[in-house]
Amino acid sequence: MPPASPPADSSAVRARPQSIADLFWSFSMLALQGFGGVLAVVQRELVEKKKWLTLEEFVEDWAVAQILPGPNVVNLSLMIGDRYFGMRGALAALAGMLAFPLLIAVAMAALFAGVADTPQAQGALRGMGAVAAALVTATGLKLIGALKKNPMGTPVCWALAAITFVAIGILRLPLVWVLLSAGGVASLWAYRQLGKTRALGGDAR
Amino acid sequence: MPLHLTLTAADWLGMFVHFMSLSLLAVGGAITTAPDMHRYLVGEQHWLTEDQFTSSISLAQAAPGPNVLFVALMGWNVGVNAAGGLSTGVMAGVYGLMGVLIAMVGIMLPSTTLTFAAARWGHQNRELRAVRAFKQGMAPIVIALLIATGWILASSQGTPLENWRPWLLTAVATVIVWRTKLHLLWLLGGGALLGWMGWV
C-alpha cells in the first residue's frame, strides 16, 4: 500500500525524513535525549528544528496519540513514520524509539541496581524529576500557540483548557471520563463551528 | 531479599496475556496501568518484590526513552527471579531478556496495532468534518492535560511552602524551556547535579 502523502501545503516544499534509516536514527536520537519523558524533545526536534510538522499538526497528531491506548510518544512516532513510509516507516520509527533506550534501561537495571539506593543517586533522581515536570509543563505552554487557528475561538478554547486542568490536575478525576465528557462536548462544538465557517464560504483548511 | 521462582510455560503465557489485556486499557500512557501490574505481579503472583516493582519505575524514569520501558524492567526482574537471581550470571541474562521480550511485546502489540489502523484511517479521512472536529475539539484538552501532568509531577515533590527548592527548580526550568532554546540535556544534567549535591 502506498504511504499517505504528508499534509498538502502548496506554499513551500515541506521538510520530511529522507529515508527509512533517517526515520530510525532521528527517532533514536530523540529517544536517547528524552530523560524524564520524550515529548518535550519530540516537540523541539520535529517541530522547531527539523520542521517535519507545524505546531498545529503536532497538536492534532498529539490529540490522536493521546486518545488511543498505548504509550503516547510511541503512538506519535508510529503515526509519523507511517505517514512518510507506510508500515515500514512506522516500524522504523517505533524501533528507533525503543531499541537503544531498552538496551540502556536493562543495562542500568543489571549494573546499577546497587547504586540506586544511595542518597546521592536518590537526590539526582529527584532533581531530574523536578526538571522533567518542567519539560512537560513547558511543552504544554508552547502548544498553546497552536490554538490561535482553532475554529472554536479563543475564549472557548481557554474555557475547555481550564476545565480540563482543574478536573485532572486539581480534582484528579479519572482521565477516561474527562476525555469522554470534555472531549465529546468540545468535538461537537468544533463540528458545529466548522459547519458555520463552511456555510459562510470560508475554507478552513 | 531476592525471589527464587519456578515459572512454567503457562506462567509466562499468563503474564503475556495479562500485559496484552492491559495494553488496550493504557489510555494516557502505559504508566496508568502500573497499579494493576502491581496487583498482579506483586500481590497476586508474587513474581516481583515491592522493591523491584518500585525501582523498575524509577529506573525507567531515569533512563532515556519513553516511560513504557518500566514494563521491560518488570519483565527483566521477573526473568531474573525465575533464573534464581542475578548471581546465576548468564542464566539470569537469558531469562531476564526473555522476560523483557514477553512483557514488551505484550504491552505494545495490541495498542500499536490499534493505533496504526486508527491513525491511518484518520489521516486518510482528515478532510472529513467529523475528523477535523475531533482533532480541533481535542486540541485545548490535550494541551491542558500536558500542563496538568506537569503540575501533578511537580506536586509529587510535596507542597511548595515546605519543599520550595524542587518547586523553584521546576518553575525556573519551565520558564527556560518555554522561552529559550537551551538544550534540554543541560537542564536535566543541572537538575541531577543539584540533586546529587543534596540541594533539591
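Chain A is divided into domain 1 (20-110) and domain 2 (147-204). The bounds come from an automatic or database domain assignment. The C-alpha centres of these two domains of chain A lie 26 Å apart.

This is a predicted model, in which local features need pLDDT of at least 70 and side-chain atom pairs count only at pLDDT 80 or more, while totals for chains, interfaces and linings use all residues. Residues are numbered from 1 along each chain as its sequence is written, chains are lettered from A and ligands numbered from 1 in the order in which they are written, and side-chain values use heavy atoms, with hydrogens and water left out.

Turn now to the interface. On chain A, 102 residues are in contact with 85 residues of chain B. Contact means heavy atoms within 4.5 Å. Between them the two chains bury about 8400 Å², 75% of it on carbon and sulfur atoms. Buried area is the accessible area (1.4 Å probe) that two parts lose on being put together, summed over both.

Across the interface, 17 residue pairs are in polar contact, both residues at pLDDT 80 or more. A polar contact is a pair of N or O atoms within 3.5 Å; within protein, one must be able to donate a hydrogen and the other to accept it, and residues adjacent in sequence count only if both atoms are side-chain atoms.

Several helices of chain A supply at least two residues each to the side that touches chain B, among them α1 (20-33), α4 (72-111) and α7 (175-199). Helices are DSSP runs (H or I, at least four residues), numbered from the N terminus. The residues on that side of chain A divide into 67 nonpolar, 23 polar and 12 charged.

Ser111(B) lies in helix α5 (residues 90-124). Ser111(B) is buried, at 0% relative accessibility. Buried means under 20% relative accessible area (1.4 Å probe, protein chains only). Not counting residues up to four places away in sequence, Ser111(B) touches Pro69(A), Gly70(A), Pro71(A), Ser23(B) and Leu24(B).

Leu187(B) sits in helix α8 (residues 184-196) of chain B. Leu187(B) is also buried, at 11%. Beyond its neighbours within four places in sequence, its contacts include Val131(A), Ala173(B) and Ile176(B).

Conventions: Nonpolar A, V, L, I, M, F, W, Y, C, P; charged D, E, K, R; others polar. Buried < 20%, exposed > 50% of the residue type's maximum accessible area, 1.4 Å probe, protein only.
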